[in-house]
Structure formats: structure tokens, C-alpha cells
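I opened my notebook to look up pockets, cores and charged pairs. My entries follow below the display.

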Amino acid sequence: MRILVVGEINVDFVFKGCHALPMPGKEVLADDFVMTPGSSSMICAMGLARLGNQVAFHGRLGTDASGKFCLEALQDAGIDVTSLRPDGSQRTGVTVSLSTPQDRALVTFAGAIAELRAEEIEDEWLRAADHLHVSSYYLQKALRPGCRELFARAASLGLTTSLDPGFDPEQQWESDLFDTLREVDVFLPNEQELQAITGRSDMREALALVQNGRTQTIVKRGRQGCVSVHDGQWLNVPAYAVDAIDSTGAGDSFDAGFLHAWLRDVPLLDCMRWGSACGGLSTRGIGGTTRQASTSEVLALMTDKS
């Protein structure tokens with residue numbers, strides 16, 4: 001499948017096995033560290049490419065060392081980056097991921113991420129794709145106002161669409177997302193994001209609030225798997241047990257696995273299993289992209305656990 005991913009570009013500095021999350025005035029130690037390609041959009045794009053899809057990527061980046069690192073990583077993954085234009089006046093985004101055995105915390109410098117606009121996306125790029133995916137709705141401040149129109153334009157050109165909202169750093173969770181979802185085919189929030197977006201802690205109530213007659217919502221729940229509602233039926237897929245090392249980017253690899261299957265008209269429950277398998281397998285390495293799954297690995301895991 002030909003997939004255009006539009007979104008943020010940044011490098012991740014991942015500190016694994018932090019003995020605790022840092023407190024003001026104090027220092028903590030980590031067991032390991034790695035510098036990897038980051039951002040929800042990049043991790044999803046690289047996961048899709050790893051599964052054998054044709055992927056093109058558009059975003060904003062600088063000519064700095066972080067930008068060069070990310071550009072080379074996308075190219076090495078076989079992703080089409082011909083639309084990328086590194087800008088010497090901008091600085092590439094950076095995220096620090098602090099991971100403990102129980103959870104993780106993120107600190108992001110947005111840099112060029114905040115400059116990407118929907119009107120940059122040319123119809124020519126959309127016509128060359130079958131599907132459009134956008135991640136980090138709240139983080140991409142310049143893209144967000146035109147996001148609904150971008151999805152509508154993609155649909156008019158025959159593309160299917162998907163959106164991962166990501167976390168809102170300002171924690172405002174403004175309701176314009178509901179209007180945008182009317183132009184989206186697949187919505188991929190995690191449990192905490194959906195609860196914040198809807199103001200409901202109960203998953204069934206939260207899912208009911210985002211039903212609009214078009215959008216299929218899949219809720220990622222980490223170690224509890226994922227849930228959805230289809231034709232009035234509650235769907236629940238458990239997580240696959242793997243020897244997890246680091247959960248950074250697992251939700252984005254879930255997106256890649258789910259979309260890979262969904263774009264091939266696989267039944268929804270099996271699409272959820274593909275997402276769960278890809279999300280779980282990605283935790284075998286440090287960072288979001290170092291151990292993303294191949295199709296053979298996914299199939300082997302699902303067969304072994306069936």
C-alpha cells in the first residue's frame with residue numbers, strides 16, 4: 001500500500017531504566033541510553049515501511065545534526081523523502097524520553113514541528129497515495145487549524161485517512177478535534193488521551209461520545225491491550241506478552257500494525273491483533289524504532305499465541 005504520513009520530525013534521546021523520574025534539585029541514574037529517530041509520525045512511518053508498505057513522509061526539519069540524523073534514518077528505512085526541504089533557519093525537534101519499569105515521561109522541544117501547515121501538502125502527493133496518516137494533532141499547532149480540510153481533500157482524491165491525536169502538552173483538549181474526526185476514517189488514541197478528550201473515565205461512555213457514523217475508533221490500553229466498538233459490539237483484544245525493555249513509541253508501532261492490516265481489508269478484530277502484536281514487539285529494544293516488527297515476526301507471534 002502507498003501511505004503518506006504527514007507530521008512531526010524529531011530525534012529521541014531515550015534514557016532506559018531510570019531508577020526514578022527526576023525531581024527538582026535532584027539527579028537520577030539510568031541503566032542505558034540511545035539516540036533514535038523519534039516522533040509519533042516518524043515511528044509510525046518507519047513501522048509501516050518495516051512491514052513492507054510504500055511510505056512517503058512530509059514534515060519540517062532543520063539542517064542541524066538532529067535533522068540530518070532523522071533524514072538519513074527515514075532514507076535508510078526506504079521511505080520517500082523527496083518532499084522534505086531542510087531549512088537552515090529552523091531547528092529540528094528533540095524529545096527526551098525518561099523510562100522507568102512502570103512508566104515513562106517525555107520532554108519535547110518542538111522546534112520546526114510547530115511550523116508545518118496543511119496547505120503545504122500538495123494534491124500531487126495525495127494522488128500518489130492510497131492512505132493519509134497524521135499523528136500528534138495537539139502538538140502540531142500550525143497544522144491543526146487546517147487538518148480537517150486536509151483530510152477532506154484527501155478523501156475527495158480517493159484516500160482513506162487516520163489520525164493519532166497524541167498528548168496535548170497544554171492539557172486543554174479543545175473540542176475542535178470532534179469536527180476534524182468527521183473527516184477521519186480511523187482514530188487511534190490511547191486510553192488516557194480518549195478520557196481527556198471526552199471528559200469520561202468509563203471507556204464505553206468515552207467511545208460512545210466519539211461515534212459519528214464514520215470514524216472507527218481503536219483505543220490503545222498498553223498492557224491491557226486495545227478496545228473498540230463495531231456494529232454495536234464491544235471488541236477487546238489483549239496485549240501480547242513479550243520480554244519488554246522499553247515502551248517508547250509502542251503506540252505508534254501499534255498504529256503501523258493496525259493500518260497495515262486495515263488497508264488490506266482484514267477483519268477489524270484481526271487488525272486490532274496486528275496492532276497489538278506490532279506494539280508489543282516494538283518494546284524489545286530501546287527507543288521506538290530499533291526493534292519494530294517485520295510481517296514474519298508478527299505472524300509468528302500471533303500464531304504462537306493463538
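How many nonpolar, polar and charged residues does the lining of the second largest pocket have? I counted eight nonpolar, four polar and two charged residues there. The classes put Ala, Val, Leu, Ile, Met, Phe, Trp, Tyr, Cys and Pro under nonpolar, Asp, Glu, Lys and Arg under charged, and the others, Gly among them, under polar.

I noted that this is a predicted model, in which local features need pLDDT of at least 70 and side-chain atom pairs count only at pLDDT 80 or more, while totals for chains, interfaces and linings use all residues. Residues are numbered from 1 along each chain as its sequence is written, and side-chain values use heavy atoms, with hydrogens and water left out.

**Entry: the pocket**

I looked up the volume of the second largest pocket and found about 250 Å³. Of the 14 residues in its lining, L4, A56, D80, W125 and A128 are the closest to the centre. Strand 4 gives the largest share of this lining, five residues. Strand 1 and strand 4 each supply at least two residues of the lining. Strands (E, at least two residues) and helices (H or I, at least four) are DSSP runs, numbered from the N terminus.

On a 1 Å grid over the protein atoms alone, a pocket is an open set of points with protein on both sides within 12 Å along at least five of seven lines; a cavity is a set where a 1.4 Å probe fits but cannot get out; lining residues have an atom within 4 Å of a point. Grid points are joined across faces, edges and corners, and a volume is the space filled by probe spheres set on the points.

**Entry: the cavity**

I found one cavity of 30 Å³ or more. The largest cavity has a volume of about 40 Å³. Its lining is made up of G47, L51, S253, A256, C278, Q292 and A293. Four of these residues are nonpolar, three are polar and none is charged.

**Entry: the cores**

Which residues of the largest nonpolar core touch the most other members? I found F57, I79, F258 and V298, out of 44 residues in this core. Elements that give two or more residues to this core include strand 1 (2-6), strand 4 (54-58), helix 8 (250-262) and helix 9 (268-281). Helix 9 gives the largest share, seven residues. A nonpolar core is a set of buried Ala, Val, Leu, Ile, Met, Phe, Trp, Tyr and Cys residues joined through side-chain atoms within 4.5 Å. Buried means under 20% relative accessible area, exposed over 50%, and partly exposed in between (1.4 Å probe, protein chains only).

I then looked at F258. Not counting residues up to four places away in sequence, F258 touches V186, L188, I218, L268, C271, M272, W274 and G275. Contact here means heavy atoms within 4.5 Å.

**Entry: L143**

I placed L143 in the loop between strand 7 (131-135) and helix 4 (147-156). Is L143 buried or exposed? L143 counts as buried because its relative accessibility is 1%. Leaving aside neighbours within four places in sequence, L143 is in contact with V6, L116, R117, A118, V134 and L150.

**Entry: salt bridges**

I noted that side chains of opposite charge can pair when their charged atoms come close. A salt bridge is a side-chain nitrogen of Lys or Arg within 4 Å of a carboxyl oxygen of Asp or Glu. By this rule the count is 16.

I looked up E183 and R214, whose side chains meet in a salt bridge (3.5 Å, N to O). This pair links distant parts of the chain, 31 residues apart. E183 counts as buried because its relative accessibility is 18%. R214, at 32%, counts as partly exposed.

D255 forms a salt bridge with K220, the closest N and O atoms being 2.9 Å apart. D255 is in helix 8 and K220 in strand 10, 35 residues apart. D255 has a relative accessible area of 0%, so D255 is buried. K220 is also buried, with 9%.
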